[in-house]
Amino acid sequence: MFYAVRRGRRTGVFRTWAECQEQVNRFPAASFKKFATEKEAWAFVGAGPAALPPRPAETQGPATITQENASCRGEAESDFLCGSQCKRPYEQSTSEEHGPKRIKPDETCTVPTVSEDQFSYMGDFAVVYTDGCCSSNGRNRARAGIGVYWGPGHPLNTSERLPGRQTNQRAEIHAACKAIEQAKSQNIKKLIIYTDSKFTINGITSWVDNWKTNGWRTSSGGSVINKEDFERLDRLSKNIEIQWMHIPGHAGFRGNEEADRLAREGAGKQKL
């Protein structure tokens, strides 16, 4: 990836986030953005290409899509279909699914740091990535799995077959439930959950209170298909501070890719 700094301590295009962060962190009205190609990066800077700094070894820490400047929010948030067709459109389509809610863990650019307890942190928030997968979604032979990724080789990394009804949305919700259960078992009080499921984020942050008020019916009057799943997620979300972050699926973010891999492996396991 190429990190373009249009306004910062030093403008230009950098090959690592660490170099970009040095130029923009706590710089007033900093303007910067990440691109897949050098040409696009320099176009954002507004200058012709110049010699790039030497590229250091890749870091092992998980990437973050949170930036301190609004210009970074132009990154694509479109949903992707996974290679094995495990990602499917939403099971229920209502007007409530528009306008995903985005919550920032901090106004300052920070890269998650790994502590002695092997958890990654952004400030005092532990960071986890979750994903759900379902092959043949909506069919009799559907197989769904959940993936929870805390970091390289972390003992809490989870790959499990989804119990009950096999759908992609249920897998996404249950993956988040598993992560919260694990966090509570480790006495974690503050948690950032990265997920590529806008449905899960919107459901727990925007819709669930209205659903409960309306007797678990949508704004159009239909029954909430995933009522039991959201009831569980809502219950687990009590007594822990959670910040939900959407991350584009299959866009090269290591944490998301690893959670997706674990979910795929889980879908291949026997149903409990």
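Me: Why are H4 and H5 called roughly perpendicular to each other?

Reply: In this predicted model, H4 and H5 pack at an angle of about 95°, and their axes are 10 Å apart. Axes here are lines fitted to C-alpha atoms, for helices over the stretch in contact, and angles run from 0 to 180 degrees between N-to-C directions. Angles under 35 degrees count as roughly parallel, over 145 as roughly antiparallel, 65 to 115 as roughly perpendicular and the rest as oblique; H4 and H5 are therefore roughly perpendicular to each other. On the H4 side, the contact is made by Phe199, Thr200, Gly203, Ile204, Val208, Trp211 and Lys212, and on the H5 side by Phe230, Leu233 and Asp234, where contact means heavy atoms within 4.5 Å.

Me: What are the limits on reading such values from this model?

Reply: Because the model is predicted, local features need pLDDT of at least 70 and side-chain atom pairs count only at pLDDT 80 or more, whereas totals for chains, interfaces and linings use all residues. Residues are numbered from 1 along each chain as its sequence is written, and side-chain values use heavy atoms, with hydrogens and water left out.

Me: What makes Ile225 partly exposed, and where is Ile225 found?

Reply: Ile225 has a relative accessible area of 39%, and the classes are buried under 20%, exposed over 50% and partly exposed in between, with a 1.4 Å probe and protein chains only, so Ile225 falls in the partly exposed class. Ile225 is found in the loop between helix H4 (198–213) and helix H5 (227–236); helices (H or I, at least four residues) and strands (E, at least two) are DSSP runs, numbered from the N terminus. Although Ile225 and Arg170 are 55 residues apart in sequence, their C-alpha atoms are 9.8 Å apart in space.

Me: Why do Cys133 and Cys177 count as buried, and how many disulfides does the structure hold?

Reply: Cys133 has 3% relative accessibility and therefore counts as buried, and Cys177, at 0%, counts as buried too. The structure holds 0 disulfides, a disulfide being a pair of cysteine sulfur atoms within 2.5 Å.

Me: Why is strand E9 described as largely enclosed by the rest of the structure?

Reply: Strand E9 (residues 190–195) has 5 of its 6 residues buried, so it is largely enclosed by the rest of the structure. E9 pairs with strand E6 (residues 125–135) in the parallel sense over 4 bridges, and two strands count as paired if DSSP finds at least two bridges between them. Tyr129 stands opposite Tyr194 in E9, and Val127 has Ile192 of E9 as its bridge partner. Strand E10 (residues 241–246) runs parallel to E9 and is joined to it by 6 bridges; there, the bridge partner of Ile192 is Gln243.

Me: What makes E6 mostly covered, and in which sense do E6 and strand E7 pair?

Reply: In E6, 10 of the 11 residues are buried. E6 pairs with strand E7 (residues 143–149) in the antiparallel sense over 7 bridges, and the partner of Tyr129 in E7 is Tyr149. Strand E5 (residues 120–122) also pairs with E6 in the antiparallel sense, over 3 bridges, with Ser120 opposite Val127. E5 and E6 form a hairpin with 2 residues between them, and Gly123 in the turn has a positive phi of about 70°.

Me: Why is one side of strand E2 and of strand E3 left without a neighbour in the sheet?

Reply: The strands form an open sheet of 3 in the order E2-E1-E3, with antiparallel pairing. Strand E2 (12–14) and strand E3 (31–35) stand at its edges with a single partner strand each, so one side of each has no neighbour in the sheet. Neighbouring strands of this sheet are turned by 25° against each other on average, direction ignored. Strand E1 (residues 2–7) pairs with E3 in the antiparallel sense over 5 bridges, and Phe2 has Phe35 of E3 as its bridge partner. Helix H1 (residues 17–24) packs on this sheet, touching E1, E2 and E3, with its direction at about 10° to that of E1; helix H2 (residues 38–45) packs on the sheet as well, touching E1, E2 and E3, at about 5° to E1.
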